[in-house]
Amino acid sequence: MKKLFALCLLPLCLLLCACEADAPQQEEAQAELLIGFSQLGSESSWRIGNTLSIQKAAQEHGINLMYDNALQKQENQIAQLRSFIAYQVDLIVFSPIVEDGWDNVLTEARHAGIPVILMDRFINTADDSLYTAYIGADFYMEGVRAADYLLEKAGQMSKETINIVEISGTEDATPTLHRYQGFHDKVDRDPRFHTLETISGDFLRSKGKECMEYLLDTYGDEIDVLYSHNDGMTLGAIDVIQSYGLVPGKDIIIITVDGEQAAIDLLKEGKINCVVECTPLLGDLVMNMAEKLKAGESIPRTTHPQEGVFTEFDDLSTLPPRGY
Ligand code: AHR
């Protein structure tokens, strides 16, 4: 199949060679690189920004991309990896929807001699040699940054008890597990903080709304802080908070993760208090690593993009548009 694909491209390659007589050999080498990329779904603006970033970078690097979207189902994603193996792609890149259950298909990739890069999310495996590298956020540190903001804010609140509700992401997904752990490792050591409930909103705006309705119905004005694991769910929750006649950012302190434009805009309006950055713009990092692998160079086992935090205490007037 791969050969057939290459044959189909041949006339185009010849044409390009004729037009650019001294096009560098490197470009030809890159054009031979075929990546099978399985995205886990389209659940958030973050995810859509991430897909676009990978597609754009592949185009800019002259790398062929076979793209598939698993529509939030692990079985789809496993089937997609199997079809990449059958097609004999040069490299598999995928964003695992959950951490467990990948050993069999990754063993098949290894038998086929195809390296695998985990992008954005991690896996739980007893055999670390089943993947070549992880490129994505340090989700634990994102949780820590959320807690650091809250500790600073609590200093101004002069309350003996601060009640937190938490809307977490997809169960068994890396960002959910690590954002929870990083946050609680800090906050739970401080006797002022009490987590009323942690509930999964699956990274979906619609579920963020449902979760917030449930939390307000259950705990009402006991809630001091909402810690939400992504902007989509936060936006849904804010709609509900306002419809209950409460003022987000004042009656309830709002901490969110991602940093999409809509959340930054609400931070500037005072309806969100803290945005922990998680960038979806991983395309260049992934393509650079893919080129290195193709050239036989070694690549780091773990690469985290640079990420920060934006809070109500910062001057945001010069913050450039987010692009997602
Ligand atoms: O894995 C990254 C997370 O997945 C983002 O925080 C979230 O928005 C996305 O759906």
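Which residues point one way from S1, and which the other way? I started my notes there, bearing in mind that this is a predicted model.

**Strand S1**

I found Leu-34, Gly-36 and Ser-38 on one side of S1, with Ile-35, Phe-37 and Gln-39 pointing the other way. With six of the six residues in 34-39 buried, meaning under 20% relative accessible area, S1 is largely enclosed by the rest of the structure.

**Neighbours of S1**

Next I looked up the pairing. S1 runs parallel to S2 (residues 64-69), with six bridges between them. Across from Leu-34, I see Asn-64 of S2. To get from S1 to S2 the chain passes through helix H3 (residues 45-61), and I noted this β-α-β crossover as right-handed.

S1 also pairs with S3 (residues 91-94), again in the parallel sense, over four bridges. Here I picked out Gly-36, whose bridge partner in S3 is Ile-92.

**Helix H7**

I then checked the length of H7 (residues 174-187). Its 14 residues should span 20 Å at 1.5 Å a residue, and the end C-alpha atoms are 20 Å apart, so the two agree.

For burial, I listed Thr-174, Pro-175, Thr-176, Arg-179, Gly-182, Phe-183, His-184 and Val-187 as the buried residues of H7. What covers them? The cover includes helix H6 (139-157) along with strands S6 (162-168), S7 (193-200), S8 (225-228) and S9 (253-258).

Technical notes: Residues are numbered from 1 along each chain as its sequence is written. This is a predicted model: local features need pLDDT of at least 70, side-chain atom pairs count only at pLDDT 80 or more; totals for chains, interfaces and linings use all residues. Side-chain values use heavy atoms; hydrogens and water are left out. Buried means under 20% relative accessible area, exposed over 50%, partly exposed in between (1.4 Å probe, protein chains only). Helices (H or I, at least four residues) and strands (E, at least two) are DSSP runs, numbered from the N terminus. Two strands pair if DSSP finds at least two bridges between them. A crossover is right-handed if, with the strands pointing away from the viewer, the path from the first strand over the helix to the second runs clockwise. The expected span of a helix is 1.5 Å times one less than its number of residues. Contact means heavy atoms within 4.5 Å.
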